[in-house]
Amino acid sequence: MCGILGITEPINESFFLNNLHKIKHRGPDGYGIWQTSDKTVTFGHRRLSILDLSETGKQPLHYKHLTITFNGEIYNFLEIRTELKLQGYSFTSESDTEVILAAYLHWGTDCFRKFNGMWALGIWDDKNKELILSRDRFGKKPLFYSQLIDGIVFASEMKAMASFLKSVTISKDFHWCKNNKFLYEATDKCLVEGIKRFPAGYYAKVKLKDNKLTLTRFWNTIDEVQPIHLRYEEQVEQFRELLIDACKIRMRSDVPIGTLLSGGLDSSAVFSLMAQIGKNTHNEQRLSNDWQHAFNASFPSTYLDETKYAKQVTEYWHLPLEEVNINQRNRIEKLEEYSTLFEEIYGNNPIPMIETYKAVRKKGIIVTLDGHGADEYLGGYASSAFEAFFDAYQNPSQMKMIFDTYQGMMGQEGKGSLPLEVFKFLGSKMKAKGLGLLQNTPFGGKDQQVPIHSYPHLKKLDSLTSHLYSIFHSSLLPTLLRNFDRYSMIASVETRMPFMDHRLITFAFSLPWTSKLRNGYSKAILRDATKPYMPLSVNTRKPKLGFSSPVTHWMKNEWKSYLLDTVHSQEFKECPLIEPALLKTRIESILSTKNTSHSLGQDVWHYFSTFLWYKTFYRALKKEMPR
């Protein structure tokens with residue numbers, strides 16, 4: 001896990017190095033810089049040492065006529081390395097980085113399909129005088145690029161490359177991005193004009209002589225989906241095997257590892273499988289023995305606090321739990337610094353997440369295995385449950401089960417349940433209206449997807465799975481992956497996500513909706529696959545809470561003075577990206593009302609973060625532009 005920067009036009013080395021150091025937080029353990037003999041290509045790397053801590057693991061790294069700067073991890077590098085050795089390749093390091101270059105030499109761009117991991121990388125092929133860029137299947141690692149007059153510049157973060165542009169200006173897409181905060185991460189749109197996001201699941205080649213970047217897609221999940229003809233019990237067994245292996249290969253590390261354990265199903269499953277693997281695996285090559293570190297973000301006396309469930313999981317395995325008391329760490333004085341580092345606009349305040357990862361780092365833990373990703377492809381959100389109505393409309397008892405599942409996820413199980421006759425009536429109406437009824441009823445969520453027949457290329461999926469496919473690839477998940485990359489890397493911690501293993505994802509999207517919602521439970525196949533390894537009270541827990549913060553409460557209390565000072569400041573009143581008077585009124589209304597609803601503050605915070613972005617990140621870029 002590191003930070004990368006590269007450019008394919010002549011550049012002053014000290015100027016380049018100054019920009020590389022802007023992403024030092026991504027790699028505090030050292031740096032490297034390399035140029036071609038004619039100075040036309042420069043690669044830079046900030047290192048977070050995790051695999052091969054020696055000098056041989058440093059980057060940029062060379063293998064024959066190839067040079068690489070790489071951010072990420074290839075979890076199956078040992079298997080690929082063994083395969084390449086049988087083909088006559090030799091290695092001088094113990095890193096996964098060298099394996100990437102040998103794999104590229106052997107398989108060309110087909111190597112990207114062989115990798116199981118997360119990556120953003122640039123390879124310089126000196127023999128063919130071309131740059132190769134690639135980003136992992138789902139965009140776990142960030143990659144930005146910009147087309148210059150005589151070359152290409154690319155980097156892990158915008159702050160490292162903005163100074164190479166002719167000027168720094170607000171993107172023409174800015175207001176679209178601001179109004180579509182859950183959509184823009186999955187596009188090439190950026191908040192700064194002239195910078196683009198490199199798409200997930202693609203590679204590109206750039207010939208030095210013509211400076212033309214050509215994108216080629218190497219991964220499209222829908223092309224990998226195949227019907228699964230297995231009994232549910234067999235599906236559970238296969239899912240369990242895949243998840244265990246996904247956790248196991250992500251435990252490969254030469255430094256201590258841990259996990260963020262919220263007490264919810266997903267993080268509890270990851271920690272429990274880590275414990276099972278650690279208990280039954282001894283002296284396996286590169287598998288960390290120092291993994292017994294669980295951290296819980298605690299929100300005392302708030303509805304967000306799940307510490308008691310996290311304790312149940314660690315006590316089940318007779319292991320300790322480190323509590324990070326977020327109530328005492330709501331450090332408003334760090335907000336503007338974090339806004340600069342975060343680079344984007346979003347609705348959640350980043351302090352709780354960043355402070356949690358900083359607490360992890362202070363304990364000497366550099367890698368965490370976290371539970372992100374499962375909700376988006378297994379149906380973990382309450383709003384997703386109703387999508388299954390399109391699949392179950394001919395079966396009233398299934399429709400009732402879906403409604404009961406929704407109530408359970410909302411913490412309202414048994415409250416106001418509807419009789420079966422209501423679902424028979426609803427099913428007949430849905431059939432009569434061609435499955436379009438939910439679009440105009442309270443059952444439709446804010447991010448309601450249109451029926452599956454509107455997406456011909458997704459016809460192989462049922463309605464729920466089609467909806468999950470959309471939020472996984474186009475909205476919620478790309479945004480979540482971006483956010484947690486920033487949160488963790490600001491603290492110089494690498495996050496690994498077993499649920500993001502492409503084998504699991506392909507398998508899950510091949511399953512019918514009844515494997516995801518079953519017997520009144522969401523994520524049924526995950527619950528049944530992990531039931532032997534965790535407390536039943538956690539495995540069968542239905543209410544869903546996300547990793548957020550009691551932002552409304554904090555706005556009305558600890559952060560009140562800061563907010564009032566800000567909204568009355570001249571720079572707030574003159575910010576061109578917001579409506580200052582309206583936002584000031586909304587914030588003052590929250591501060592004066594007795595209502596502490598979470599959504600009240602979160603909705604306003606999104607627009608307040610726009611002001612913070614302008615004040616901190618954008619102004620910093622402008623200030624550092626060459627005069």
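## Helix packing and an open sheet in a predicted model

Helix 23 (residues 560-567) and helix 26 (residues 598-624) pack at an angle of about 60°, their axes lying 13 Å apart; helices (H or I, at least four residues) and strands (E, at least two) are DSSP runs, numbered from the N terminus. The axes are lines fitted to C-alpha atoms, for helices over the stretch in contact, and angles run from 0 to 180 degrees between N-to-C directions. The structure is a predicted model, in which local features need pLDDT of at least 70 and side-chain atom pairs count only at pLDDT 80 or more, while totals for chains, interfaces and linings use all residues. Residues are numbered from 1 along each chain as its sequence is written, and side-chain values use heavy atoms, with hydrogens and water left out.

Helix 23 and helix 26 are therefore oblique to each other, given that angles under 35 degrees count as roughly parallel, over 145 as roughly antiparallel, 65 to 115 as roughly perpendicular and the rest as oblique. Where they meet, Tyr 562, Leu 563 and Thr 566 of helix 23 are in contact (heavy atoms within 4.5 Å) with Trp 605, Phe 608, Phe 611 and Leu 612 of helix 26.

A second pair is formed by helix 11 and helix 18, which are likewise described as oblique to each other. Here Met 353, Ile 354, Tyr 357 and Lys 358 in helix 11 meet Phe 484, Tyr 487, Ser 488 and Ile 490 in helix 18.

| Helix pair | Angle | Axis distance |
|---|---|---|
| Helix 23 (560-567) and helix 26 (598-624) | about 60° | 13 Å |
| Helix 11 (351-362) and helix 18 (476-490) | about 45° | 7 Å |

Elsewhere, six strands form an open sheet in the order 2-3-1-9-8-10 with antiparallel pairing, where two strands pair if DSSP finds at least two bridges between them. Its edge strands, each pairing on one side only, are strand 2 (31-35) and strand 10 (196-197). Strand 10 is joined to strand 8 (residues 144-147) by two bridges, and Arg 197 in strand 10 is the bridge partner of Phe 144. Helix 1 (residues 13-20) lies across strand 1 (2-7), strand 2 and strand 3 (42-47), running at about 145° to strand 2.

As for confidence, the mean pLDDT (the predictor's confidence in each residue, from 0 to 100) of the chain is 90, and 93% of its residues reach 70 or more. Over residues 436-455, however, the pLDDT is below 50, although this stretch has 37 contacts in the model beyond near neighbours in sequence. Where pLDDT is low, the predicted coordinates should not be read in detail.
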